[in-house]
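Have the sequence and the model open side by side. This report walks through a few features in turn.

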Amino acid sequence: MSVSRRCLCCVKYLMFIFNLIFWLGGCGLFGIGVWLSFTQAEFSSLLLSFPSLSAANLLLVAGGITMVIGFLGCLGALKEQRCLLCTFFVILLILVLTEVTLMLVLYYLQDKVEIHAKSNLKDGMKKYNSENELQKSWDNVQKMFKCCGVNNKTDWYEVLNRTLPSSCCPGAERETCKEWSEQGCYAKAKNWLSDNIRPVLVFGVCIGVVQILALVFSMQMYCQILYAEKNLD
C-alpha cells in the first residue's frame, strides 16, 4: 500500500469516528428534545410571538440537522466520494458560521432580547383569563419557581384588578394565603438557567470541537482523494 493510500485510510477512519460522535451527539439532542416536549409542554404557551420557539422544538431541530450532517459525513468517509465530502463540508461550514453568528448576536443584543422577552411575557399575562393553556403555563411556572409575575407580583394588578392568581402563593389558596411570592419569574428562571448552564456549555464546546475537526478531516480527505485520483491518471 502506498504512502498516500495509507494517509487516506487514516484520515478516512478518523473522519468516520468524529462524525459518528457528531451523529450520536445529534441523537442525544433529539432525545432531550423529545423528552422536553412531553415533560415541559405546559410551559410552551408563555411566548405569544414565537409559540414554536421552545427549548424542545429548538433541540429537535438542532438534533435532526446534526444527525443528517453526521450521517452524510460517515457515508462520505466510507464511500470516499468527493461529492458527498464537499456537500458535508459546505453544510457543516454554514452550520458553524450560523452558530457563531447567533452567539455574537445574542451576546451583543442580549439587553434588547431581554426587554423583548419581558414585554412578550407581559402581553401574554393579559390573556390569562381567556386562554386556558396560557393560564396553565403561568400557574405551572409560578408554582415551580415560587415566583409571581414577570418582574414582581405588581405585574398582575392591571390584569386581575389588583388581585393575584393563587399560584403566586406557594402551598396555599388565594383566600388563605399569608405570604405571597415577591420575586418575578423572569429573574428566578434566569438564575436557575445560570446555575444549570455549565453542563450545557461543556456539551456545546465538545460539539464545537468535533465540528471543527470534522471540517478539517473532510477537507483533508477530499484533498487526499483528489491526489490519489491524479496519481492514478
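## Salt bridges

This is a predicted model. A search of the whole structure finds 4 salt bridges. In one of them, the side chains of Lys190 and Glu114 meet at 2.8 Å, N to O. Lys190 lies in helix 6 and Glu114 in helix 4, so this pair ties together parts that are 76 residues apart in sequence. Lys190 is partly exposed, at 42% relative accessibility. Glu114 is also partly exposed, at 22%.

Glu182 and Lys153 form another salt bridge, at 3.1 Å, N to O. Both residues lie in the loop between helix 5 and helix 6, so the pair ties together parts that are 29 residues apart in sequence. Lys153 counts as buried because its relative accessibility is 17%, and the cut-off for buried is under 20%. Shared partners also matter here: salt bridges join Glu114, Lys118 and Lys190 into one network.

Asp123 and Lys126 meet in a salt bridge of 3.8 Å, N to O. Asp123 is partly exposed, with a relative accessible area of 36%. Lys126 is exposed, at 60%.

## Nonpolar surface patch

Nonpolar side chains form a patch on the surface, with about 900 Å² of accessible area together. Its members include Val100, Met103, Leu104, Tyr107 and Val113. Helix 3 (residues 82-108) gives the most to this patch, with 7 residues. Leu104 is found in helix 3. Leu104 is partly exposed, with a relative accessible area of 46%.

## Helix 5

Helix 5 covers residues 132-145. At 1.5 Å a residue, its 14 residues should span 20 Å. The end C-alpha atoms are 20 Å apart, which agrees.

Just after helix 5, Lys146 takes a positive phi of about 55 degrees.

## Helix 7

Helix 7 spans residues 197-232 and holds Ala228. Gln211 is in helix 7 too. Is Gln211 buried or exposed? Gln211 is buried, with a relative accessible area of 2%. Leaving aside its neighbours within four places in sequence, Gln211 is in contact with Phe22, Leu92, Leu95, Val96 and Glu99.

Ala228 is partly exposed, at 21% relative accessible area. Ala228 and Leu8 are 220 residues apart in sequence. In space, their C-alpha atoms are 8.6 Å apart.

Note on methods:
Residues are numbered from 1 along each chain as its sequence is written. This is a predicted model: local features need pLDDT of at least 70, side-chain atom pairs count only at pLDDT 80 or more; totals for chains, interfaces and linings use all residues. Side-chain values use heavy atoms; hydrogens and water are left out. Patches are made of residues with over 30% relative accessible area and no salt bridge: like charges are joined within 9 Å, nonpolar side chains (Val, Leu, Ile, Met, Phe, Trp, Tyr) within 5 Å. Accessible areas come from the Shrake-Rupley method with a 1.4 Å probe; for residues, only the protein chains shown count as cover. Helices (H or I, at least four residues) and strands (E, at least two) are DSSP runs, numbered from the N terminus. Buried means under 20% relative accessible area, exposed over 50%, partly exposed in between (1.4 Å probe, protein chains only). The expected span of a helix is 1.5 Å times one less than its number of residues. Contact means heavy atoms within 4.5 Å.
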